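Here is a short report on how the parts of this structure meet.

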Amino acid sequence: MQRETFYYNNQWTRNFLIATIAWGVIGLLVGLTIALQLVFPDLNMDTSWLTFGRLRALHTNGAIFAFVGNSIFAGVYYSLPRLLKTPMASNLLSKIHFWGWQLIILSAVITLPLGITSSKEYAELEWPIDIAIALIWVTFGVNMFWTIIKRRERHLYVAIWFYIATFVTVAMLHIVNSIEIPVSFLKSYSAFAGVQDALVQWWYGHNAVAFFLTTPVLGMMYYFVPKAANRPVYSYRLSIVHFWALIFLYIWAGPHHLLYTALPDWAQSLGTVFSIMLIFPSWGGMINGLLTLRGAWDKVRDSAVLKFFVVALTCYGMATLEGPLLSLRNINAIAHYTDWIPAHVHIGTLGWNGFMIFGVVYWLLPRLYQTSLYSQKLANTHFWIGTLGIIFWALPMYVAGFTQSLMWKEFNPDGTLVYGNFLETVTQIVPMYALRALGGTLYIIGMLVMVVNVIRTASSGKFLRTEEDSAVPFGKVFEKPRGEHWHRWIERRPIQMLVWSLVVVAIGGILEIVPTMMVKSNIPTIESVKPYTVLELEGRDIYIREGCNACHSQMIRPFRSEVARYGEYSKAGEFVYDHPFLWGSKRTGPDLHRVGGKYPHSWHYNHMLDPVSMSPGSIMPRYPWLFENSLDTEHTQKKLEVMAGLGVPYEQEYIDNYAFYLDRQSAAIADELREQIDDLEIKNDDEIIALIAYLQRLGIDIKAQGTELAEEN
Amino acid sequence: MKNSSKYYLAFALFVFAGALSIPFINGSDVSSFMQNPLTWILGIALAFLILSLFAVSQAMEGIKYHILRKEGRIEELKEMEAAEAAGGDDFLSRLWAKLQDAKPIEEESEIEMDHEYDGIRELDNNLPPWWLWGFYISIAFAVVYILRFEVLKTAPSTAQEFEQEMAAAEIAKEEYLKTAANLVDETSVVMLTDEALIKEGAAIFTTSCAVCHAADGGGGVGPNLTDEYWLHGGDIKDVFATIKYGVPAKGMIPWKDQLSAAEMQKVSSYIMTLIGTTPADPKEPQGDKVTPVPTETQENTDGSSEQEESADAALSLL
C-alpha cells in the first residue's frame, strides 16, 4: 500500500471553538443573573422574559447544549479525523451541523424567555426545535460514521468508542423523551403522564449528564490529555472495562432522581444500586487520565493546560463519588430538593466540563493559529481565578443545602415544626446565595481573561485552515496477530460497535420503563382523582410557561416533616392526568402539591401581584403581567382534544362547550375575589384567575371531604 | 511483602467496607449509627485486625527470607531494590504500590501496545487491584441491597419507613404532652399577663400577622384589631380560635400548623393588648361591638399594671 497525502479542514473545529467560548460566556452570564435574582428579587425587573423561572431553563440549556455541546463538536471535529487519518467525510454536512446547531441555540434563546417550554428539565425546547435537534444530531452522526468508514486506521481508538456511544445514546434518549403531541406550532403535551413521564424524563435527564456531559468529554480527555502530556495512556484494558461498564450501568441510574417520590419502590432501588455500581467505572476514567500524567507531573507545574486537566479529572472523580452517595436513600432524604444538588451539579459542570474545555482551548488554539499562546501567565491566572470561583460557588451551596434541610426537618417537642414558615428557611440561606454569586462572578472573570488571551493569540497568528497529513491505508485482508486482545475484534468493526453500544444502553431503559408503563399495580388507581377543568388546565399551562416548577416541587415525600408541613404525601395515582408531570427537582420555594384550598383566593391574588405583601422577605418575583394579560383561548379546545386523545376522560360535550365551563368557573373565582378584596378591579378573563383555579385544585382530589371549591367544579 | 499479603489486605478492606455499608443497607439513620459506641468499638477492633494481619504477614516474610536458599536471597534483594526505586520502602509506599500494581515507568516499554493513534501510545497496565476490588464490593452491595429491599423485604419500604417514623413521633409527642404543663386550646385559653410573654407574642405578630393587619394592628387586607369591633368574637377564646382555624372564606389562613398552642396564646394575648391603642392608619370598624375589657387573666404578678393601662386606654376611647 502506498502512503497517501490528505488535508484536514480546521475550519469547523475553529468555528465550534469560537461558538463554545461565545455561548459559554453568554450562558454563564445568564447563570449569574439568576443567581443574583435569588439575592435581589428586584432584578426580575417585573418583566416576564427576565424572571427566574424562564431564565433558569435558558441557563441550563445554554451551559449544556451551547457551551459543552459546541466544545464536544470542536473536539470531535479535531480528534476524529486525526485518529482515523482521514479528513471529515463531508464538508457540507459539517457546515449544516455547525449552522444548524447554532440556529437551535438561537431558537432556545428566543423561545425560552418567551415562556415557550415543555417544562421537562434540559428538554424544555418545544416540538419543532426537538425535531430540528434530532435532524442535526443525525447529520452529525452520519458525518462521523461516513468518516469512520473512510478511515485509514483499521482500529478505533478508545476516544472514538466514547463518541459512538454518545451519538447513539443521545439519539435514543432525545427521541423517546420528546414524544409529545402538538397542540399548536409552539405548544405540545408530553405523551406520558405523571409517574411514567417522571421516569422517562429522569432516564433522559440523568443520561443527558452521562452521555452529553460525560462520555463525549471522556472521549476528548482520551485524546487531549495524552497529547498535552506527551505520555502513553495508562491502561488499555482499564479503558475497555470502564467504557463498557460505564455505558451499561449509567442508563439504569435515572430513578435516583426520584427517591421517595411516587415512583414504585423497586425502580427506586434499581436507581440506588446502579448508582453505587457506577462509582468504579466512573473512576476508571479519572484514574486512566490522572495516571497517564505519571512521569509528567513536573510539567503540570508549568502548564496551564495540564493544570486544567488535572482539576477537571479530580472534579469528575469527586462528582462521580458524590452522585452515588446522594443516591443512597438516607443521604438523598437530606440533600434532595436543596442547594446541595446544584452544588453537586456545578462541581461537574464548572469543574469537569468547564476546565476540560479551557484546557482544550489553550492547547488547541495555538495549534490552529500556528503560534504560541499569547500569555501563559494569563492562562495560569484564569486557572486560579476559576478554581477559586468553583470553591466559592460550591461550598456555600453545600452549607446552604445542609442547613435548610435540617431546618425543614426540625420539630418542637409538641410535634409542631420549629420552622413552620418555609420562608424562614429561605431567608436563612440568602447570604449563601450571595456568596455563590460571588463564586460565579469569579468564574466568569476567569473566562473573560481567557477571551482576551484567545483574541490576542488568534490575532498574532495565522489560521491554519487546511492541515496536511499522510498515512498508509489498511488493506482489505487482515491477518490477526497471535495473542491479540479479544476486544481488538470490535475495534475494527465500527458498525458492531454502534449496534452493541445501543444494545448495552437500551437494556436498562427497557427494563425500567416498560414495566412502569405496562404493570397496572405500579400506579394504583384513585377513584376520586378527576381531570383538570378547562380553566385549571389553562392555569396549569401558565404555571408551565412561567417555569414555576423551577422553584416549586409538587411531590410530597413520605416523611413526617413533609406531611406536617404540606399534608398527606403524594401518591402515584394522583398524577395520572398530568401531561407533563410537574414534580420539580428543587425547592427554592415550598412544595405546592397540596396548596389547593390552603389559602383563600385573595391570598394568591395578592401574593402573585407582590409576594412580599403576603410573605415579607420572600425572594419570589412579582408577576404583574398575569393581571394585565387576558387568557388566550385560541387553542383551548385543541388542548382538550389532545388531552382526550392521550386518554384523559374529557367528554365530547365538555370539549364542545368548553367556553361555558371556562366562563362559569372564572366568574365564580372572580366574584369570590371581589368579595374578599375591597375596590378590586379584575376582569373574569385575566390570566391570574386561571392560575388561581389551578393552584386551588392542586392535591385536593384525594381529600376525604372536598372543599367547597371542588364541589363547585 | 510478597503476594500473600495482598489477600489479607483485600479481605480487611472487604470486611471494612461491608461494615460501613450496614447502615446504608438497612436504611437506618447514619448519625445515630455513628453515635453508637458499638460502631466505634467495631471500628477500632477492625483497625487492630488489619494491623495485626500485616504484622503477621511481615513476620512471615522475614522468616521466609531467612530460610531461603542463597540464590533466592539475591533475587529477593534485587526485587526489593526495584521496589525501592519505584517509590520508597516505607509501609505506605509499598502498600500503595501493591494496591496500584503499576509497571514502573522505566519498564513501561514492556507493556506498551503495538499500536498508536495520531501519536498517542497506550500502555496495558493491570487493572489497579484497589479499583477492581472496589468494583466487586459495589456489585456485592447492589446484590445484597436488592435482596434485602426487593426480594426478601427484610428492609423497610418507603411507606413502611414513613409509618415507623410517624409511630415513633406519636409516642414521643404523647410522652411530651404528659409532662408538659400549660397546654391550651380554644376552650381553656386565658389572657397572659407576663410582659415577657406578651413581648414574644408581639414578635410573632410582627412576622406573621402584620402583613395583613398592619404592624400596629390598624388593619389592611385584614380587619382593624385595635377597635372594639370584632367579626369573629372579641374574647381571647374567640381570637385564639380565629387564629387557630382561620377564616378561609375571608382570607384568614389557619395557623395551627405553623404556630404551637403556646405561641398562639401569646399572640392572642398580645392582640388583646392592642385594643384601644391608636394606629397610624386605622381601617373602618367591622363586625359587632364587644366589651373591650378582657374578663379572664392568668394569675401573674407582673402583668397587672399593663392590663390596667390598656383597660384605661380602652375606657378613655369610649
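## Where chain A meets chain B

In this predicted model, the contact takes 54 residues from chain A and 51 residues from chain B. Several helices build the chain A side. Those that each supply at least two residues are helix H2 (52–84), helix H7 (215–229), helix H8 (236–250), helix H9 (265–292), helix H12 (329–335), helix H20 (560–566), helix H21 (601–609) and helix H22 (611–614) of chain A.

H9(A) gives the most to this side, with 12 residues. By residue type, the side of chain A that touches chain B divides into 29 nonpolar, 16 polar and nine charged residues.

## The domains of chain A

Chain A is divided into two parts: domain 1 (7–473 + 486–512) and domain 2 (534–712). The C-alpha centres of domain 1 of chain A and domain 2 of chain A lie 34 Å apart.

## Where the domains meet

Domain 1 of chain A puts 44 residues into the contact, and domain 2 of chain A puts in 49 residues. On the domain 1 side, two or more residues come from each of these elements of chain A: H2, strand S2 (180–184), strand S3 (187–190), helix H6 (194–211), helix H14 (376–409) and helix H15 (422–427).

H2(A) provides the largest share of that side, five residues. The side of domain 1 of chain A that touches domain 2 of chain A holds 22 nonpolar, 14 polar and eight charged residues.

## An element on both sides

Terms used: Residues numbered from 1 in each chain as written. Chains lettered and ligands numbered in written order. Predicted model: local features only at pLDDT ≥ 70, side-chain atom pairs only at ≥ 80, totals over all residues. Contact = placed C-beta atoms within 7 Å. Helix = DSSP H or I, 4+ residues; strand = E, 2+ residues; numbered from the N terminus. Nonpolar A, V, L, I, M, F, W, Y, C, P; charged D, E, K, R; others polar. Domains from an automatic or database assignment.
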